Amino acid sequence: MEFNHKSVLLEECIDGLKIKQDGIYVDGTLGGAGHSKEIAKRIKENGLLIGIDRDEEAICVASQRLCEFPNIKLIHDNHDNIKEILEKLEINGADGILLDLGVSSYQLDERNRGFSYMGDAKLDMRMDKNQMLDAQTVVNTYPEEKLAKIIFEYGEEKFSRIIAKNICEYRSKAKLETTSDLVKIIEKSVPKKSDGHPAKRTFQAIRIEVNNEIKPLYNTIKNSIDALNPGGRLCVITFHSLEDRAVKTAMVDAEGRCTCPPGIPYCMCKMVSYGKIITKKPILPSEKEQSSNPRSRSAKLRIFEKKGV
């Protein structure tokens, strides 16, 4: 299957990065290289674009799509390790970092990856095929209480307890091996309703757990800000309320807040600010983009600019 992925909020991200021709930029979620290609077009020979992805298939496709640009480094790694990656490359700071969080259209549409509740495939959901934990392990080995918590918190599924209970009852007789095994259990657990497929929230929750998408995110944002050069910008696209909350909290904390009582002539709380939030409210896709790409509807873009010298 061809690696297709419509880059969400593409123009807004490029504008937000304020690209310099000789700058160093990091696309921490390379995917199909849609954002990266637009960045690469705007930097010259003395600039550099570093593309990071945990999916080896994305790295392979991106290397082909970016082959015309000489100033590209592609890294198979996790964007959570951005500081360590730059240190290994002996790069002291980036002028811009982009994170387009969540799962790509390709990963959802490529049935054998096990991300989709449509069709039938082995339960997998790993963005990095080299890691040990997969969806099959989660549904077959996690205790019922832990499963229910994950489905409720990461999927915001109100029927999480009955879904977890029915998963455990099923696996006591036979191992869950395929996406259709899981879908059938969920369909029996969730009352029929009109707001999308009944398995959507549970599949999202298990995917987030398998790929550890939420827990490290606050530190990833703080580390990304730390890795910026003065005046550099961090652009982050989220698709899930928990993602957005972690990103917003990290940016607010990095911006800093004075806690001194009103009326004091100077700050005594020793508040430290690492920069400013450019987007006081997140940037949302236009109606045109949402219409042409339904998967963009939940997207939010937040931008942070590191403090200058």
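Helix 8 (160-171) and helix 9 (179-189) each supply at least two residues of the lining of the second largest pocket, helices being DSSP runs of H or I with at least four residues, numbered from the N terminus. The model is predicted, so local features need pLDDT of at least 70 and side-chain atom pairs count only at pLDDT 80 or more, while totals for chains, interfaces and linings use all residues. Residues are numbered from 1 along each chain as its sequence is written, and side-chain values use heavy atoms, without hydrogens and water.

A pocket is an open set of points on a 1 Å grid over the protein atoms alone, where a 1.4 Å probe fits, with protein on both sides within 12 Å along at least five of seven lines; lining residues have an atom within 4 Å of a point. The second largest pocket has a volume of about 160 Å³, a volume being the space filled by probe spheres set on the points, which are joined across faces, edges and corners. Helix 9 gives the most to this lining, with four residues.

The largest pocket has a volume of about 910 Å³. Its lining comprises 35 residues, and Val103, Leu108, Lys200, Gln204 and Arg207 lie nearest its centre. Helix 10 contributes the most to this lining, with six residues.

Helix 10 covers residues 200-211. Nine of its twelve residues are buried, that is, under 20% relative accessible area with a 1.4 Å probe and protein chains only. Among them are Phe203, Ile206 and Arg207. Just after helix 10, Asn212 takes a positive phi of about 50°.

How values were computed: Expected span 1.5 Å × (residues − 1). Buried < 20%, exposed > 50% of the residue type's maximum accessible area, 1.4 Å probe, protein only. Contact = heavy atoms within 4.5 Å.
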